[in-house]
Amino acid sequence: MKRALLCAALVASMMGMSGHAGAETIAKAGDLKPDSAFADFLRSKQHAKVRALVALREDTSVNRACRDAYTMGEYQLRIIQPIEMTKGAQIPSAGKWVERFKVTRCGRQSQFNAIFMVDDQGKLEVTPVAPGETGQDFQLVLDLRDYVEKRARIPNCDKRGLLDTAKGPPEGYEPRVPGGTYETWTVSGCGKDIDMVLLFTPQEGGKMDVKVEKQIPR
């Protein structure tokens, strides 16, 4: 899945930055204080717009875009690279982090996942990862997503996307590997939804073997 600058005009508007002098440094989410500059950024309307654009992009990929407002709910944060931010700056001057955040629109609430990173030119890059509750490493999800979408048995359908991810197999499904690590990724396209039952098996060297064990039309 290609990394996206979700809206060029929006990103451009977020590039006004102060220098590194006097910047706060946050190495882990537990260090985040309510009155910090980065906390102000996370609560800002402009960051809410970026999250909304992530949700809109995901909705559009499965033909479920909503014309109503996208309202932000609870979120979780994990810092990958330390955040540096100066009070009054529009975006951090450095850092990389992942967010899980809930969005309500058109009577539906869903969780979305995205990677945020400030690049060497000071631009905020946003990479949507996947909707839902996947427990897998985000880079693995990004590498796997296109493959799973293409494997879904939806004949004569080129436009398809990932609708949802969930931990465990579908309700009532008997796994072929008892105690195995399963997730259910739902692919949607041309009016059809397919539950892809995935088995994740760790391998030596930190690698992960992933098999599509079953496809179940909804």
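This is a predicted model: local features need pLDDT of at least 70, side-chain atom pairs count only at pLDDT 80 or more; totals for chains, interfaces and linings use all residues.
1. Glutamate 213 belongs to strand 9, residues 208-217. Its side chain makes a polar contact of 2.7 Å with that of tyrosine 173, the term denoting a pair of N or O atoms within 3.5 Å, one able to donate a hydrogen and the other to accept it.

2. The protein chain contains 4 helices and 9 strands, taken as DSSP runs (H or I, at least four residues; E, at least two). Their order along the sequence is α-β-α-α-β-β-β-β-α-β-β-β-β. Of its 218 residues, 45% count as buried.

3. The largest pocket has a volume of about 250 Å³. Among its 16 lining residues, Arg105, Gln109, Ser110, Leu163 and Asp164 are the closest to its centre. A pocket is an open set of points on a 1 Å grid where a 1.4 Å probe fits, with protein on both sides within 12 Å along at least five of seven lines; lining residues have an atom within 4 Å of a point.

4. Strand 4 gives the largest share of this lining, 5 residues. By class, the lining has 4 nonpolar, 4 polar and 8 charged residues (Asp, Glu, Lys and Arg count as charged).

5. Residues are numbered from 1 along each chain, and side-chain values use heavy atoms, without hydrogens or water. Local features need pLDDT of at least 70 and side-chain atom pairs 80 or more, whereas totals for chains, interfaces and linings use all residues.

Terms used:
Grid points are joined across faces, edges and corners, and a volume is the space filled by probe spheres set on the points. Buried means under 20% relative accessible area, exposed over 50%, partly exposed in between (1.4 Å probe, protein chains only).
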